[in-house]
Amino acid sequence: MNSLEKYAKSLYNIIPNFIQDIKIVNNELIVFVDLKSIYNFFVFIKLHTNAQFKSLIEIAGIDYPNNIKRFEVSYELLSVVYNQRLRVKVLTDEVTPIDSIMPIFPSANWYEREVWDLFGVFFCNHLDLRRILTDYGFEGHPLRKDFPLSGYVEVRYDDVSKQVVNEPIEITQEFRNFDFNSPWEK
């Protein structure tokens with residue numbers, strides 16, 4: 001048993017109520033945390049003397065539309081003291097919010113806003129949860145797998161009214177070329 005496996009086992013023994021699963025993939029520790037205890041887990045992992053993961057590197061969202069809990073939010077942490085990285089994952093659906101970790105890691109502000117804007121994952125108790133990469137009037141969340149590739153509206157400049165206008169997208173049939181013949185079959 002190597003040191004990473006020992007650390008994973010000790011982490012699970014200390015806080016078993018917070019952790020759903022622990023994996024080691026490519027010499028990287030991945031911890032799946034229960035949605036209800038995400039805030040307490042991050043307080044522990046930052047302040048405990050054998051962890052000291054004091055740097056939040058990134059928060060990313062992943063969409064699995066066929067799953068009941070379709071969104072996976074992944075947190076990347078770094079312990080400078082122990083020169084160790086930790087990936088924390090939590091699963092949620094479209095309506096269940098995740099507790100914001102901004103009071104613990106102030107750098108989570110941008111990342112949580114980005115995940116909210118692009119995926120629609122809501123972070124409760126976030127002080128400034130608003131759009132960050134899309135326009136304020138934008139409808140939907142563009143990185144969801146069910147978001148249409150062409151979007152819902154197009155933006156163009158209208159010479160007559162001398163302003164930028166938003167119009168619903170209309171794709172005419174003439175631009176769709178349905179060729180059901182296989183190129184390998186003649």
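Visitor: Which residues do ring pairs link into a cluster?
Guide: Phe 41, Phe 42, Tyr 75 and Phe 105. Keep in mind that this is a predicted model.

Visitor: How many aromatic pairs does a search of the whole structure find?
Guide: The search comes up with 5 aromatic pairs. One of them joins Phe 41 and Phe 42, edge-to-face, with 5.8 Å centre to centre and 80 degrees between the planes.

Visitor: Are those two buried or exposed?
Guide: Phe 41 counts as buried because its relative accessibility is 0%. Phe 42 is buried too, with a relative accessible area of 0%.

Visitor: And why is the pair of Phe 42 and Phe 105 called edge-to-face?
Guide: The ring planes stand at 90 degrees, and over 60 counts as edge-to-face, so the pair gets that name. The ring centres are 6.1 Å apart.

Visitor: Where do Phe 42 and Phe 105 sit in the chain?
Guide: Phe 42 is in helix 2 (residues 38–47), while Phe 105 is in the loop between strand 6 (98–99) and helix 3 (108–119). That makes the pair a link between distant parts of the chain, 63 residues apart. Both Phe 42 and Phe 105 are buried.

Visitor: What sits over the ring of Phe 105?
Guide: The charged end of Lys 46, 4.9 Å from the ring centre.

Visitor: Switching to charges, then. How many salt bridges does the count come to?
Guide: The count is 11 salt bridges. Take Glu 94 and Arg 70, whose closest N and O atoms are 2.5 Å apart. Glu 94 lies in the loop between strand 5 (84–92) and strand 6, and Arg 70 in the loop between strand 3 (55–63) and strand 4 (71–79). They are 24 residues apart, so to speak a bridge between distant parts of the chain.

Visitor: Is Arg 70 buried or exposed?
Guide: Arg 70 is buried, at 6% relative accessibility.

Visitor: Which residues are linked in a network of salt bridges?
Guide: Asp 63, Arg 70, Glu 94 and Arg 144.

Visitor: What does the side chain of Arg 131 meet in a salt bridge?
Guide: The side chain of Asp 117, at 2.6 Å from N to O. Arg 131 is in the loop between strand 7 (123–124) and strand 8, Asp 117 is in helix 3, and the two are 14 residues apart. Arg 131 counts as buried at 14% relative accessibility, and Asp 117 counts as buried at 0%.

Visitor: What else is Asp 117 in contact with, leaving aside its neighbours within four places in sequence?
Guide: Besides Arg 131, Asp 117 has contacts with Ile 132, Leu 133, Thr 134, Gly 140, His 141 and Pro 142.

Visitor: In which sense do strand 1 and strand 2 pair?
Guide: Antiparallel, over 6 bridges, with strand 2 covering residues 28–33. Within that pairing, Lys 23 has Ile 30 in strand 2 as its bridge partner.

Visitor: What about strand 8 and strand 9, how do they pair?
Guide: Strand 8 (residues 153–158) and strand 9 (residues 163–168) are antiparallel, with 6 bridges. Tyr 157 stands opposite Val 164 in strand 9.

Visitor: Which residue takes a positive phi in that hairpin?
Guide: Lys 162, near 55 degrees; the hairpin has 4 residues between the strands.

Technical notes:
Residues numbered from 1 in each chain as written. Predicted model: local features only at pLDDT ≥ 70, side-chain atom pairs only at ≥ 80, totals over all residues. Heavy atoms only, no water. Phe/Tyr/Trp six-rings, centres within 6.5 Å; stacked < 30°, edge-to-face > 60°. Buried < 20%, exposed > 50% of the residue type's maximum accessible area, 1.4 Å probe, protein only. Lys NZ or Arg CZ within 6 Å of the ring centre and 35° of its normal. Pairing = 2+ DSSP bridges. Contact = heavy atoms within 4.5 Å. Salt bridge = Lys/Arg side-chain N within 4 Å of Asp/Glu carboxyl O.
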